[in-house]
Amino acid sequence: MVKYVNYGIVFQEIPDEVTLSINLSNCPCRCPGCHSKYLWQDIGTPLTPMSLGALVEEYGGDVTCVCFMGGDADPAYVNKLACYLHHEHPSLRVAWYSGRSRVPSAVRKADFDYIKVGPYIAHLGCLKERTTNQRLYKRAAGDDFTDITPRFWKK
């Protein structure tokens, strides 16, 4: 089970998508320099399929993607929520921002349309920095993913 603290509509997390971004708490990664340290705490409201469905319904056709920001304390449950979304809302894309260096074995990557991996390392920067260690992948076909991180870099 994961808990969410807040959510909002964002335009920069996933290229070409209007994204319902859901901030999940109880982050075990604890990256030095993290800009969301409040998410290290086990706080918030349980994110169940029912509550997730209600959030999606609230925004109707205004969003094209749902992004789980965190959830590293229970990646199998995040995967379960991704499956729920694909089943109940097949037109929505599903993204996951993980602070882990790689996708945990408990997660079936093909259940996601986008996956960001990599802890925040201050001196390397975030996705918009060419020096970043973080990577955002987009599902191409089946379990194949393409690195789209360069889309964040200014030319």
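A search of the whole structure finds zero disulfides, a disulfide being a pair of cysteine sulfur atoms within 2.5 Å. The structure is a predicted model, in which local features need pLDDT of at least 70 and side-chain atom pairs count only at pLDDT 80 or more, whereas totals for chains, interfaces and linings use all residues. Residues are numbered from 1 along each chain as its sequence is written, and side-chain values use heavy atoms, with hydrogens and water left out.

The sulfur of Cys-27 lies 4.1 Å from the closest cysteine sulfur, that of Cys-29, which is too far for a bond. Cys-27 is buried, with a relative accessible area of 17%, while Cys-29 is partly exposed at 22%; here buried means under 20% relative accessible area, exposed over 50%, and partly exposed in between, for a 1.4 Å probe and protein chains only.

Eight strands form an open sheet of mixed pairing in the order β3-β1-β2-β4-β5-β6-β7-β8 (strands are DSSP runs of E, at least two residues, and helices runs of H or I, at least four, numbered from the N terminus; two strands pair if DSSP finds at least two bridges between them). The edge strands, each pairing on one side only, are β3 (45–46) and β8 (144–147). Strands β5 and β6 run parallel and are joined by three bridges, and Ala-95 has Tyr-114 in β6 as its bridge partner.

In the loop between β5 and β6 lies Ser-98, which counts as buried at 1% relative accessibility. A polar atom of the Ser-98 side chain is 3.1 Å from the backbone nitrogen of Arg-100. Not counting residues up to four places away in sequence, Ser-98 touches Asp-72, Lys-116, Val-117 and Gly-118, contact meaning heavy atoms within 4.5 Å.

Beyond its neighbours within four places in sequence, Phe-68 is in contact with several residues, including Ile-22, Leu-52, Leu-81 and Trp-96.

Key. Polar contact = N/O pair within 3.5 Å; in protein donor to acceptor, adjacent residues only side chain to side chain.
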